[in-house]
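Q: Could you walk me through this fold, from the overall make-up down to single residues?

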Amino acid sequence: MALTTRLTWLQEKLLQNYFGGKKFSLLYKASVHGFSTVELLERCHNEGPTMTVIYSGDYVMGVYTQESYQERKEVSIILFVLQDTNISKCKMRLLIPWKSDHSGILQSCEGELLINFERKNVKVASKIIENLGLPQNNPISIQDYEVFRCEDNLWIIKSKLYLYLLCTLRTHKPYGDLVPQVRILLLGPTGAGKSSFFNSVKSVFRGHVTCQALVGSDTSGISKKYRTYSIKDGRDGNFLPFILCDTLGLGEEEEGLCIGDVSCILKGHISDRYQFDSMKPITSGHQNYIGSPLVKDRIHCVAFVFDANSVEHLSPEIVVKIKSIRREVIKCGESHSTLNVELLKFGFALSDILVVSNYTSEWELDPVKDVLILSALRQMLWAADDFLEDLPPTEEGRCIWWCRSSKVSTTATWLHPAWIYWIPGSSLSLYGLFPCD
């Protein structure tokens with residue numbers, strides 16, 4: 001039989017708020033389980049923080065403790081009284097008896113409180129009664145009593161974390177102020193949820209569900225163009241410190257994103273709204289090709305997106321493409337994360353795997369989804385900062401040329417593959433250096 005409390009809705013809310021937004025779970029009800037201290041200790045032993053509520057006449061008296069009920073143990077308690085909407089309290093220490101002690105008595109260490117569940121009465125010192133604002137009728141009769149387990153309210157925890165994450169992401173500054181906004185590239189199989197992730201991130205910051213990027217169930221994918229999405233904060237209208245870059249999904253054989261385009265995207269050669277061609281990569285003569293990309297044009301973090309419900313059914317061709325792209329990402333020095341599922345078979349580290357739940361058919365925001373989305377986004381920004389911190393030092397903060405050869409001018413600082421930077425006061429020969437294509 002399901003237990004129901006005698007507390008009214010208002011009384012329960014008042015007590016929950018008073019004790020820090022706790023969630024109450026009813027463990028014991030004397031009118032059901034019996035007026036027995038032994039039975040109470042048996043059912044409530046080691047249950048963590050508890051609240052014992054005693055019903056007597058027009059008011060509710062109770063004992064709240066942060067410690068578990070354990071035999072022959074002294075615990076700190078709060079003795080409280082709820083009258084109408086007012087709560088009064090006093091602190092003391094309570095001695096928990098042995099379960100074999102059939103006297104049925106709980107008493108404070110100083111003797112100012114004595115609860116006899118067997119005889120259904122409570123004796124309280126006159127001074128305590130006065131401080132609690134109770135009528136001077138001792139002992140106090142017990143009509144019924146209940147014991148609740150007190151748990152931290154998940155909603156309150158999530159709300160605090162949600163607000164913290166929102167503030168952290170809104171005020172994030174990319175490492176060294178090298179770029180105004182971090183670029184995060186979303187890669188993955190067709191229909192994995194890349195566009196949906198962008199929509200979900202935008203929804204969280206706008207405060208309502210949005211659907212700017214088209215999504216659908218078309219097996220060939222909806223996103224045909226390369227899109228770079230800057231998001232305005234719904235609070236003040238300012239752009240957030242990141243850009244989400246959406247691509248054509250990976251398909252079977254020659255379908256989907258052309259692998260040759262991946263390197264150009266990573267290095268910043270492809271501009272917004274480029275129409276992908278699955279059969280051939282972009283060329284340097286294309287109107288959407290950026291010949292000399294700056295650091296801000298580059299991708300600073302790559303997020304591989306997978307659908308947890310279908311990842312086990314990916315074809316061998318898709319698996320090969322994913323591994324090939326991951327090698328290219330590592331070659332370019334990019335930081336990367338993985339959304340939605342454990343993908344150790346692809347070589348991703350466990351710490352790089354992030355679980356999120358996109359908004360797909362919901363009309364209202366869900367605080368649990370919001371926290372997962374924001375937590376994943378925070379990890380991506382941290383990964384992008386690692387990438388920016390690892391860039392070779394530069395005087396101007398921008399890349400002038402990408403070197404495809406290990407032989408570079410001695411007037412430049414370089415790594416392989418190398419970023420070549422202008423050095424003030426010296427000449428830089430571009431002989432043997434070529435722009436990326």
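A: What follows goes from the whole chain to the sheet, a helix, the cores and a few loop residues.

Q: Before that, what sort of model is it, and how are residues numbered?
A: This is a predicted model, in which local features need pLDDT of at least 70 and side-chain atom pairs count only at pLDDT 80 or more, while totals for chains, interfaces and linings use all residues. Residues are numbered from 1 along each chain as its sequence is written, and side-chain values use heavy atoms, with hydrogens and water left out.

Q: OK, how many helices and strands are there in the protein chain?
A: The protein chain has 9 helices and 19 strands, taken as DSSP runs numbered from the N terminus (helices are H or I with at least four residues, strands are E with at least two). Of its 437 residues, 48% count as buried, where buried means under 20% relative accessible area, exposed over 50% and partly exposed in between, with a 1.4 Å probe and protein chains only.

Q: What share of contacts comes from residues 24 or more positions apart?
A: Such pairs make up 59% of the contacts in the protein chain with a separation of 6 or more, a contact being heavy atoms within 4.5 Å.

Q: Now the sheet of 10 strands: in what order do they run?
A: The order is S1-S10-S2-S3-S4-S5-S6-S7-S8-S9, in an open sheet with antiparallel pairing; two strands pair if DSSP finds at least two bridges between them. S1 and S9 (140-141) are the edge strands, each pairing on one side only.

Q: How many bridges join S10 to S1, and how many join it to S2?
A: S1 (residues 22-29) and S10 (residues 144-152) run antiparallel and are joined by 7 bridges, with Val 147 of S10 as the bridge partner of Tyr 28. S2 (residues 50-56) is joined to S10 by 6 bridges, also antiparallel, and there Tyr 55 stands opposite Asp 144.

Q: And which helix lies across S1 and S2?
A: That is H1 (residues 9-18), which lies across S1, S2, S3 (59-65), S4 (74-83) and S5 (86-95) and runs at about 120° to S1; axes here are lines fitted to C-alpha atoms, for helices over the stretch in contact, and angles run from 0 to 180 degrees between N-to-C directions. H3 (residues 37-44) packs on the sheet as well, touching S1, S6 (105-108) and S10, with its direction at about 135° to that of S1.

Q: Switching to H8, which of its residues are buried?
A: The buried residues of H8 are Ile 318, Val 319, Lys 321, Ile 322, Ile 325, Arg 326 and Val 329. Seen down the helix axis, they fall within an arc of 160°, so they line one face of H8; the arc is that of the directions from the helix axis to the C-beta atoms. On the other side of H8, Pro 316, Val 320, Arg 327 and Lys 331 are exposed.

Q: What about the cores: which residues have the most contacts inside the largest one?
A: They are Ile 184, Val 201, Phe 205, Phe 242, Leu 374, Leu 377 and Met 380, in a nonpolar core of 39 residues, meaning a set of buried Ala, Val, Leu, Ile, Met, Phe, Trp, Tyr and Cys residues joined through side-chain atoms within 4.5 Å. H9 gives the most to this core, with 11 residues.

Q: What does Leu 374 touch?
A: Leaving aside neighbours within four places in sequence, Leu 374 is in contact with Tyr 162, Leu 165, Leu 166, Leu 169, Val 204 and Phe 205. A second, separate core of 33 residues includes Ala 30, Phe 35, Leu 132 and Ile 142.

Q: Last topic, backbone angles: which phi values does one find at Asp 177 and Arg 273?
A: Asp 177 has a positive phi of about 55° although it is not a glycine, and Arg 273, also a residue other than glycine, has a positive phi near 75°. Most residues other than glycine have a negative phi.

Q: Where are they, and is each exposed or buried?
A: Asp 177 is in the loop between H5 and S11 and counts as exposed because its relative accessibility is 60%. Arg 273 is in the loop between H7 (259-267) and S14 (274-275), and at 46% relative accessibility it counts as partly exposed.
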